[in-house]
Amino acid sequence: MGSVKAELLRLWKWPATWVLIGVWLVMTLTFGYVFNYLALNGGTNRGDLSQQQLISSMQPENVGAAVVRGLPMFGGAIVLVLAALAVGSGYGWGTWKTTLTAGPRRVSAMAGTLGALGIVVVVLVALTFVVDLGAAVAVASLEGWDWNLPGWAAVEALGAALLIAAMWTGFGVFLGVVTRGPALAVGLGLMWAIVTENLLRGVGSLLGPVESLTKVLPGGSAGNLAGAVGGAGAPGVLTDLSGTTAALFLVGYVVFFVGAATVLKVRRDLV
Amino acid sequence: MIVTTEKLTKRYGDRAVVDEVSLSVRRGEVYGFLGPNGAGKTTTIRMLLGLVKPTSGTAEVLGEAPGTPRALLKVGSLIEGPGFYPYLSGRDNLRVHAARRGVTGTHVEAVLEQVDLVGAASEKFRRYSLGMKQRLGVAAALLGKPELLILDEPTNGLDPAGMADMRDLVRALAAQGQTVLLSSHLLGEVEEICDRVGVISRGRLVAESTVEQLRGDTVLLVRADPIEKAHVLIEGSTLHGDVLHVRETDAGALVRTLVHADVDVQEVRPLRRTLEEVFFEMTGAA
Ligand SMILES: Nc1ncnc2c1ncn2[C@@H]1O[C@H](COP(=O)(O)OP(=O)(O)OP(=O)(O)O)[C@@H](O)[C@H]1O
Ligand SMILES: [Mg+2]
């Protein structure tokens, strides 16, 4: 489809795409491996992680969990920013105007954007897996551990990672379309992903209904799915819901965000 | 007919920004859509492209409803300045647009050539001068050989040389039979390159005709000595200060009459109302 190809071409050549992916990869390496490796070798490990847990988190066979662990909050924030920028800046640049007068229906144009963003997200998760696996193998070899390649559990974890990333991408697209600009979309999105839900969780410990609600909010569902597939030990990861429930909520959010953004895009005047 | 609108109207709140506009663009002509700032030109054009939905009235573009793929694929447009990705080169921007339009890459080179941007095609759009950006916009509009080219103020922000280049480009396209709808607030521009004009003011189409018709009949200006004698000699002439205005087109006969009557003729020339005067009269902007 021409729209996907067009959108992919411009996302691929967009420095912001690679800057954000690069930042994410550095973050996942640093927090997933570098710090843990340093902690293991003479760090002052007084936290809740035992040495055995540190080792386990860096084992190559647990690389799936390492990938999914970072996504509910920081990885999610990164793909949200990418999506919000990709969709929102088209209003200021006037590229939406060019896109919507090119020929394809608005639904197709929107599908092109979503499809291309989807491909970018798959690439991001795949790169995360490759980089994390490389780091895990490097650590295991350096330390002389016996290690195994990841098994089927990693597939499940990667599937969860993709669903979580898709939800945050949809959120970013939705915000970009609603606010018709990159700045407010990114601001609101980051605020939500990093601040608002955490504040609500704080309030939740005082108020029961709020606590139940936080479990099923976008970040809460993402955190619960990550927790259910073994991604413990990172900010935003929760274990209040079953994996299936959390996954269903995430699918619901994806459908809502993508659907609402598409309906708005198709219906609204572009001025 | 390439474009027809029937009482096309767009309201924002209770203000009609475009008010019952019925216009028509014919195949092969350059149609000038003329009006002062805020008259409703861009809004009308947006409705022709399906970017904005009319409040009431209808429009047809090449026999199709505006904004449908069948209409859009036959129309190339540049609305209120070019909209491109700043971080991509001119060529890559056109490639992206070509992919959306379903046009092959070879055509990209052809349109770059047409607007004389081959040399700067690999530079980032962000670094283009205003004139280059505008020309890239026209190049994108030309992708896919559209039957109708809609250019909304294509000379906006250009220096005189850039404006002249843009006009030459439009004239060259028109010479090949390209139908063009061009909006402008510059009378000279419309006068120079358009076959027909629609004048819009405060949302209403106040006139639509050829440039000549709009100007009205030709009047001759006569400067002679003694002027009073000339005034008496020429029937139907009116005295304006020290010159006569004569609604007469045969300048030769007029001069012979005066010379035979021993009147010195100093100057005889057609006094054409400029489009500017007509325009100000009609839009009430004077
Ligand atoms: N989305 C909108 N909401 C409210 N008013 C609008 C909107 N879009 C345009 N207008 C108003 O409609 C009027 C016509 O605008 P339009 O852009 O069509 O004029 P124009 O003839 O293209 O003018 P210009 O020569 O300055 O480009 C303006 O007064 C403008 O303020
Ligand atoms: Mg305008």
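**Ligand 1 and its polar contacts**

In this predicted model, an N or O atom in the side chain of Arg15(B) is 2.8 Å from an oxygen atom of ligand 1. Glu153(B) also places a polar side-chain atom 2.8 Å from an oxygen atom of the ligand. Ala39(B) takes part through its backbone instead: one of its N or O atoms lies 3.1 Å from an oxygen atom of ligand 1.

On its own, ligand 1 has 640 Å² of accessible area, and the protein covers 68% of this.

**The shell around the ligand**

Ligand 1 lies between chains A and B. There are 13 residues around ligand 1, and those that come nearest are Arg15(B), Gly38(B), Thr42(B), Thr43(B) and Glu153(B).

By class, the shell consists of five nonpolar, five polar and three charged residues. In chain B, β2 (15–21) and α1 (41–48) are the elements that give two or more residues to the shell around ligand 1. The most comes from α1(B), which gives three residues.

**Extent of the interface between the chains**

The size of an interface is often given as the accessible area lost when the parts come together. For chain B and chain A the buried area is about 2500 Å², and carbon and sulfur atoms give 58% of it. The contact draws 29 residues from chain B and 28 residues from chain A.

On the chain B side, the residues that lose the most area to chain A are Leu51(B), Tyr87(B) and Arg100(B). Together these three account for 29% of what that side buries.

**Polar pairs and contributing elements**

Between chain B and chain A, 16 residue pairs are in polar contact, counting pairs with both residues at pLDDT 80 or more. Four salt bridges are found across the interface. One salt bridge joins Lys13(A) to Asp92(B), with the closest N and O atoms 2.9 Å apart.

Several elements of chain B supply at least two residues each to the side that touches chain A: β1 (3–12), α2 (69–72) and α3 (90–101). Of the elements, α3(B) gives the most to this side, with seven residues. The side of chain B that touches chain A has 16 nonpolar, five polar and eight charged residues.

Methods
Residues numbered from 1 in each chain as written. Chains lettered and ligands numbered in written order. Predicted model: local features only at pLDDT ≥ 70, side-chain atom pairs only at ≥ 80, totals over all residues. Heavy atoms only, no water. Near = heavy atom within 4 Å. Polar contact = N/O pair within 3.5 Å; in protein donor to acceptor, adjacent residues only side chain to side chain. Areas by Shrake-Rupley, 256 points an atom, 1.4 Å probe, with all protein chains shown as cover. Helix = DSSP H or I, 4+ residues; strand = E, 2+ residues; numbered from the N terminus. Nonpolar A, V, L, I, M, F, W, Y, C, P; charged D, E, K, R; others polar. Contact = heavy atoms within 4.5 Å. Buried area = accessible area lost by both parts, 1.4 Å probe. Salt bridge = Lys/Arg side-chain N within 4 Å of Asp/Glu carboxyl O.
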